Amino acid sequence: MLIIKNGMVTDPASGFEGMADVWVEDGTIKKVIKRESGTELLSEAESPADAQEAANVQVIDAAGMVVAPGLMDVHVHFRDPGLTYKEDILTGAAAAARGGFTRVVCMANTSPVIDNVETLRYALEKGKTTGIHVMQAAAVTKGLAGRELTDMDALKAAGAAGFTDDGIPILDAKILFAAMEQVKRLNMPISLHEEDARLITNNGINQGEAAAKLGIVGSPSIAEESIVARDCMIALRTGARVNVQHISSAVSLELVRLAKSLGADVWAEVTPHHLTLTEDAVLKHGTLAKMNPPLRTEQDREALIAALADGTIDMVATDHAPHSKEEKERGLTGTPEYPAAPSGITGLETALSLCVTHLVRTGKLSMMQLMEKMSKKPAELYHTVYEGIREGAAADLVIFAPEETWVVGGYASKATNSPFTGEELYGKVRYTICEGKIVYQA
């Protein structure tokens with residue numbers, strides 16, 4: 001038995017936020033005992049009755065810590081199969097556990113692409129060995145080429161969580177319309193990378209002042225906005241559940257808000273880095289701040305935070321994108337080779353702390369709102385059972401100290417490509433528990 005004492009339970013499923021002790025046994029939550037502040041919950045009568053039983057009890061004193069449902073990330077790249085020098089399913093899951101995540105959804109842009117049952121089964125079976133719940137999305141189109149749909153029925157039957165060509169936008173509207181009709185029939189989500197490459201000169205950096213200083217044209221926000229507008233309308237017409245991935249533009253937010261008001265089943269995710277950085281980060285961090293879609297203006301960043309608070313954006317997702325040090329150093333800041341470096345950052349280990357530091361501590365979101373955005377809403381998108389912290393629920397939990405600081409580094413991921421390395425953040429993850437087992441302990 002595992003007993004978590006003295007923690008501040010924050011449970012979006014029930015709306016309860018208060019002091020409580022949580023008893024875990026055989027992978028499930030056996031008891032949740034709420035108590036008045038300042039009173040000891042575990043009396044002798046409630047404690048293990050004999051020495052033998054006591055010897056089998058582990059107690060975590062969570063005083064000063066938040067106890068919440070395990071986090072879920074709907075957008076990660078574990079690079080497995082084929083690109084495992086960057087990351088693999090085991091190291092990616094370890095990074096997730098260190099960040100407080102008990103469930104993740106992996107993207108399909110591996111090598112080979114997860115567009116067939118055999119490759120999907122490989123990823124799912126390896127995921128079962130990690131200690132956390134590793135879900136796998138399958139590709140929308142064969143080879144991510146945007147020309148021919150995959151066998152979505154077979155992929156769903158084999159365990160696909162949803163469908164995405166993430167990393168590559170689907171530019172053929174007819175193909176996407178057909179894909180949305182299919183996912184609607186299958187009651188599955190489809191997640192879309194919203195950038196029109198035909199409008200982009202250099203990806204990974206906003207077309208703005210920072211790009212101009214580097215002598216680079218960059219990527220204008222219209223490249224995202226035009227595709228978001230199209231896809232929101234196709235979603236409205238087909239009734240498909242559509243997730244707009246890593247939204248970055250204030251105008252895109254208004255398009256999503258309109259689509260929702262019209263009744264479209266449109267969802268949106270935002271990354272911690274788009275919530276905390278602007279285009280100026282590339283001047284300081286170089287290619288470590290290069291990502292698709294790019295970091296945009298302060299006005300966009302503020303709009304993203306407001307939209308997260310008002311529900312226009314449904315969830316926080318990391319877009320965890322590990323790359324090797326050599327790849328990220330391929331283009332040096334201020335040189336013509338800058339665009340040669342791949343886009344993306346490793347994000348699982350910093351996501352919670354970035355949000356605690358920049359959103360909760362600044363009063364932009366409550367802790368309950370943040371937990372909803374990082375666990376409840378992601379689960380709802382993927383039709384995943386979300387029981388929260390109640391008796392009989394699966395014991396998937398994160399315990400973190402919102403007032404404790406830590407310095408970013410010492411990654412569990414194979415990759416270190418983050419502009420946040422060396423930064424001091426609040427919200428240190430102390431324990432991650434999945435199916436009643438401690439899978440990470442600081």
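User: Before the helix packing is discussed, what does an angle between axes refer to here?
Analyst: Axes are lines fitted to C-alpha atoms, for helices over the stretch in contact. The angles run from 0 to 180 degrees between N-to-C directions.

User: In this predicted model, at about what angle does helix α8 run to β12?
Analyst: Helix α8 comprises residues 250-261 and lies across β11 and β12. Strand β12 covers 266-270, and the angle of α8 to this strand is about 150 degrees.

User: Why is one side of β9 and of β13 left without a neighbour in the sheet?
Analyst: The open sheet has five strands in the order β9-β10-β11-β12-β13, with parallel pairing. Strands β9 (163-164) and β13 (315-316) stand at the edges, so one side of each has no neighbour in the sheet; each has a single partner strand.

User: How many residues of the contact of α13 with α14 are nonpolar?
Analyst: Helix α13 (residues 351-360) packs with helix α14 (residues 367-381) at an angle of about 145 degrees, their axes 11 Å apart. On α13 the contact is made by A351, L352, C355, V356 and V360, and on α14 by M367, L370, M371 and M374. No polar and no charged residues take part, and the nonpolar count is nine.

User: How many contacts beyond near neighbours in sequence does the stretch 37-45 have in the model?
Analyst: The mean pLDDT of the protein is 94. Over residues 37-45, however, the pLDDT is below 50. Where pLDDT is low, the predicted coordinates should not be read in detail. With that caution, the number of such contacts for residues 37-45 is twelve.

How values were computed. Residues are numbered from 1 along each chain as its sequence is written. This is a predicted model: local features need pLDDT of at least 70, side-chain atom pairs count only at pLDDT 80 or more; totals for chains, interfaces and linings use all residues. Side-chain values use heavy atoms; hydrogens and water are left out. pLDDT is the predictor's confidence in each residue, from 0 to 100. Contact means heavy atoms within 4.5 Å. Two strands pair if DSSP finds at least two bridges between them. Helices (H or I, at least four residues) and strands (E, at least two) are DSSP runs, numbered from the N terminus. Ala, Val, Leu, Ile, Met, Phe, Trp, Tyr, Cys and Pro count as nonpolar, Asp, Glu, Lys and Arg as charged, and the others, Gly among them, as polar.
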